[in-house]
Amino acid sequence: MATCGVDRNIITHSTCTCLSLVCKLRHLMPFCSWIHYLYSADMDSTTSQRLIPLGHSKIIHLVRHAQANHNVAGKKDHDALLSPEFFDASLSSLGLEQVSNLSNHVYASGLLKKIDLVITSPLLRAMQTAVGVFGRERSSGLKCPPIIAVELCRERTGVHPCDKRKTIREYSSLFPQIDFSLIESDDDNLWKADVRETEEEVAARGLKFMNWLKTRHETEIAVVTHHRFLQYTLSAIRNDFHPSLRSEICKEFSNCELRSMIMVDKRCRMVNSPTTDSNGERA
């Protein structure tokens, strides 16, 4: 089934342990968009279908970076994350393999040629994932989408050296494929050695990022980011999702997992009358 000219396979494709998230978010912030998933196996098809004007929606592909060296060490001993050894941690050998697998998937599925823009966190592991998955040159001559680095979608900052970035000057030579023009400071002024960003601060930053996404003119965007950023951002808006999907939306992302969803202008709610669930909540 397709709606508004969007192929269902684009929205619900799986990668590794990827989940197809299908739900909607009534209010992201009082004046902006909400996220609306068009399909759900848990909801009756007659109530989950919506007619959405294509010009008022975006397809967003969320990707957690591939496994990095600090992920391996942190599973064995959480205190290892405090080690300067993992400053701006790079991908592990398994992580590089995960990137290759996801790259092959997005190419073979046809997803790569549909993506208008790739946004990446300016941390090494995220940029390695973004370039490796979406920026590889293909013998077929397929043009890669532009990639831009954005501070708003970086990992929780402070204390952990793995979450501190190098200078933009260093990154520019390492990743000529990435546009760093939106990064205001060459040095990492957001990371503090003795202050860890709170969950609430990460969530607020995440909502600001989602609002910024709405202002972009591109209609299909991939975002390569981090575990805590995804966890706190999605958890902050958990209660705005349909009750049947609240636990699913907050399920932890695996390394190099991709989940796809549709962001819809809240004015589109008027296209179809809202339904009500057994608890009296709008579905």
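Student: How many bridges join strand S2 (residues 57-64) to S6?

Tutor: Happy to. This is a predicted model, in which local features need pLDDT of at least 70 and side-chain atom pairs count only at pLDDT 80 or more, while totals for chains, interfaces and linings use all residues. Residues are numbered from 1 along each chain as its sequence is written, and side-chain values use heavy atoms, with hydrogens and water left out.

To your question: six bridges join S2 to S6, and the two strands run parallel. Pairing here requires at least two DSSP bridges between the strands; strands are DSSP runs of E with at least two residues and helices are runs of H or I with at least four, numbered from the N terminus. Within this pair, Ile59 stands opposite Glu220 in S6. S6 has another parallel partner in strand S3 (residues 117-120), with four bridges between them, and there Ile119 stands opposite Val223 of S6.

How covered is S6 itself? Six of the six residues in S6 (residues 220-225) are buried, meaning under 20% relative accessible area, where over 50% is exposed and anything in between partly exposed (1.4 Å probe, protein chains only). Both faces are involved: Glu220, Ala222 and Val224 are buried on one side, and Ile221, Val223 and Thr225 are buried on the other.

Glu201 and Thr233 are 32 residues apart in sequence, yet their C-alpha atoms are 9.7 Å apart in space.

Cys256, in the loop between H9 and strand S7 (258-264), has a positive phi of about 65° although it is not a glycine, and its relative accessible area is 0%, so Cys256 is buried. Asp88 sits in the loop between helix H3 (69-76) and H4; its phi is near 45°, again positive in a residue other than glycine, and at 1% relative accessible area Asp88 is buried.

The axes of H4 (residues 93-108) and H5 (residues 124-134) come within 8 Å and cross at roughly 40°, so H4 and H5 are oblique to each other. The axes are lines fitted to C-alpha atoms over the stretch in contact, with angles from 0 to 180 degrees between N-to-C directions; under 35 degrees is roughly parallel, over 145 roughly antiparallel, 65 to 115 roughly perpendicular and the rest oblique. Val99, Leu102, Ser103 and Val106 of H4 meet Gln128, Thr129, Gly132, Val133 and Phe134 of H5. By class, this contact has five nonpolar, four polar and no charged residues (Ala, Val, Leu, Ile, Met, Phe, Trp, Tyr, Cys and Pro are nonpolar, Asp, Glu, Lys and Arg charged, the others, Gly among them, polar).

Among contacts between residues at least 6 apart in sequence, 80% join residues at least 24 apart.

Note on methods. Contact = heavy atoms within 4.5 Å.
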